Amino acid sequence: QKMGRRKPIGLILQELEGDTGEEGGGKLQKVLTFPQLVALGLSATLGAGIFVVAGEAGREAGPPLYLSFLLACAGSYLSAMAYSEFACRIPSAGSAYTFAYASLGELAGFLNGWLLTFEYGLSAAAVAKGWASYLQIFLADNGLPVWSWLADRELSPGILTLSPLAGGLLIVLTFLASNGMQKTGGFQFFITTFNVLLICFFILVGMAYVQPANLDPLFPLDSASWSRIVAASAMTFFSYIGFDAVTTLSEEVQDKRDIPRAIRMTLLIVTFLYVGVALVLLGMVPFSELSEETPLADAFDRYNATGIARMVAFGAVTVTTATTLGSFLGLPRIFFRMARDGLFFAVFGQVDEGAGVPKRGVWLCGFGCFLIATFVNFEALVDVISVGTLIAFSSVASGVLILRAQTRAGELAQRQGEQGGTELQGVRVGRSALKGKG
C-alpha cells in the first residue's frame, strides 16, 4: 500500500519552490536560457542518425530513407508531448521518475528512477566508447600515431574490454559538469552550434555529388517498399532518443515555459538535419552500396573528397563529445531528486553552494560511468538502454492519461461540492424564512 501511494503535485511544487525536501541541502541554480536548453537537447539527441544508423537503415529503406526518419519523428513527437505536458505541470529534475511517482505511485517512480539512471549512465558510457573509436579513426586518417596502451582491446570476448580513451573522456566531462551548469551550458552551446553548422556544411557540399538516379523512387507507392520504410523507421527511432534529457534540467531553467518549447525545437532541428543527410547520402551512393559503419565518410571518399571525409571524421568526434556530456548530465539529477524524496542515499541530494549542482553526486556518477566505459563491452550496453527507454516512455504516456483523469475527477468533485453547498445554503435560508413566518 505504501509503494502504491502517489506524491501530490502540490507537495512537489512546494518542495521545488521552498526546498522542503526530506534531506534539504540547497537548490539547483536557475541559469539555463532557451538557446542553451535547445543546445543541451540537441547534444543528447543528434549524432547516431547521421554517423551510424543512416547506413544500416538506408540499406533497408532505400532512397525513401527520409520517410523513415519522418515516421520515427512522428512517434517521438507523441512521446515528447507527453513529456512536455508533465514538465509544464511538474518542472522537476526527476523527469520520468517524478512523473511516474505523481501519477502511477511510489513503486513505479522508484523503478523508473533506476531505469533512467541505467539509461543515462549506459548511454554516456556507450557513446564514450564510440567517441574513442572515432578519435582513433580520425588520428589514423591524418597519419597521427595512437599509443598502443591507449588503443581499445578485448579482455573477455563479448563482455569485457579495455578502453582508456573512453574512460579519460568521462573524467574530463565529469570535471566540467562539477563546475556548474552555467559553464557546462556555455560549453555545450558552443560545441553543439559548431556541430549543427558542420552537418549543414556536409549537406550543402554533398548536394554537388548527388546523382538523381540514385533517388528513384523517392516516394514509392507499393506495399513492399512501405514495409521496408516502416522497418527502417524502427531503426531510426533510436536516433531520436535523448530529447527527454531536457526535462532532467527543468529545475535549472530560468523560465519553465522554455521546457516544452525546447523539446519541440530539438525534434524540429534534428529531423531537418536527419532528412537532409538522408536525401544527400542516398543521392550520393546507391542504397545497396552504403557503408553500415561510416556511411557519410565513405560517401565522400567515393568521390575522392578526402578532405571532406576527414572533416566528417572530426565531426563524429565533436558530436559524440557533446552527446556523451548530454547523456551524462541527467544521471546525477535523477539521483538528486530520488535522494530528496528519501529513496536514495542523502549524499546525492546535497547541492554545492559554489557550483550550484549536486557535486558529490556528479563525481560518484562520473566514477561509475568511467568504470563502465573503460571495461564493459559496447554491444552489451545497447539492449539495456533500449529497454529502459521503452519503459520510461510508456510510463510517461500512461501517466499523462491518469493525471488527466485525476484532474477532471477533481474538477468535477469541486463543482459538485460547490453546487451542494449552494443547495444546502438555500435550504437553510428557506427554513429561516419559514421560522420567521411562524
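Ala, Val, Leu, Ile, Met, Phe, Trp, Tyr, Cys and Pro count here as nonpolar, Asp, Glu, Lys and Arg as charged, and the others, Gly among them, as polar. This is a predicted model: local features need pLDDT of at least 70, side-chain atom pairs count only at pLDDT 80 or more, and totals for chains, interfaces and linings use all residues. Residues are numbered from 1 along each chain as its sequence is written, and side-chain values use heavy atoms, with hydrogens and water left out.

Start with the empty space inside. Rolling a probe the size of a water molecule over the atoms shows where such space is left. A cavity is a set of points, on a 1 Å grid over the protein atoms alone, where a 1.4 Å probe fits but cannot get out; its lining residues have an atom within 4 Å of a point. Grid points are joined across faces, edges and corners, and a volume is the space filled by probe spheres set on the points. The structure holds two cavities of 30 Å³ or more.

The largest cavity has a volume of about 40 Å³. Its lining is made of Leu40, Gly41, Ser43, Ala44, Ala245, Leu249, Gly326 and Leu329. Two elements give two or more residues each: helix H2 (34-45) and helix H13 (306-340). Helices (H or I, at least four residues) are DSSP runs, numbered from the N terminus. H2 gives the most to this lining, with four residues. By class, the lining of the largest cavity divides into five nonpolar, three polar and no charged residues.

The second largest cavity holds about 30 Å³ of space. Leu42, Ser43, Leu46, Thr192, Asn195, Val319 and Ala322 line the second largest cavity. H2, helix H9 (181-206) and H13 each supply at least two residues of that lining. The classes here are four nonpolar, three polar and no charged.

Now turn to charge. Side chains of opposite charge can pair when their charged atoms come close. A salt bridge is a side-chain nitrogen of Lys or Arg within 4 Å of a carboxyl oxygen of Asp or Glu. By this rule the count comes to ten salt bridges.

Glutamate 85 counts as buried, at 19% relative accessibility. Arginine 89 is partly exposed, with a relative accessible area of 29%.

Glutamate 85 also forms a salt bridge with arginine 404, the closest N and O atoms being 2.6 Å apart. This pair links distant parts of the chain: arginine 404 is in helix H15 (residues 379-437), glutamate 85 is in helix H5, and 319 residues separate them. Arginine 404 is partly exposed, at 36% relative accessible area.

A further salt bridge joins arginine 302 and glutamate 289 (2.6 Å, N to O). Arginine 302 sits in helix H12 (residues 295-302), while glutamate 289 sits in the loop between helix H11 (258-284) and H12, 13 residues apart. Arginine 302 is partly exposed at 42%, and glutamate 289 is partly exposed at 44%. Elsewhere, salt bridges that share partners join Lys7, Glu15 and Asp341 into one network.

The loop between H11 and H12 also holds proline 286. Proline 286 counts as partly exposed, at 23% relative accessibility. Proline 286 and alanine 213 are 73 residues apart in sequence and 8.8 Å apart in space, C-alpha to C-alpha.

Finish on the surface. Leu155, Ile159, Leu160, Phe367, Leu371 and Phe375 form a nonpolar patch with about 540 Å² of accessible area together. Patches are made of residues with over 30% relative accessible area and no salt bridge: like charges are joined within 9 Å, nonpolar side chains (Val, Leu, Ile, Met, Phe, Trp, Tyr) within 5 Å. Accessible areas come from the Shrake-Rupley method with a 1.4 Å probe; for residues, only the protein chains shown count as cover. Helix H14 (residues 359-375) gives the most to the patch, with three residues. Phenylalanine 375 is in helix H14, and phenylalanine 375 is partly exposed at 32%.

Definitions and conventions. On a 1 Å grid over the protein atoms alone, a cavity is a set of points where a 1.4 Å probe fits but cannot get out, and a pocket is an open set with protein on both sides within 12 Å along at least five of seven lines; lining residues have an atom within 4 Å of a point. Buried means under 20% relative accessible area, exposed over 50%, partly exposed in between (1.4 Å probe, protein chains only).
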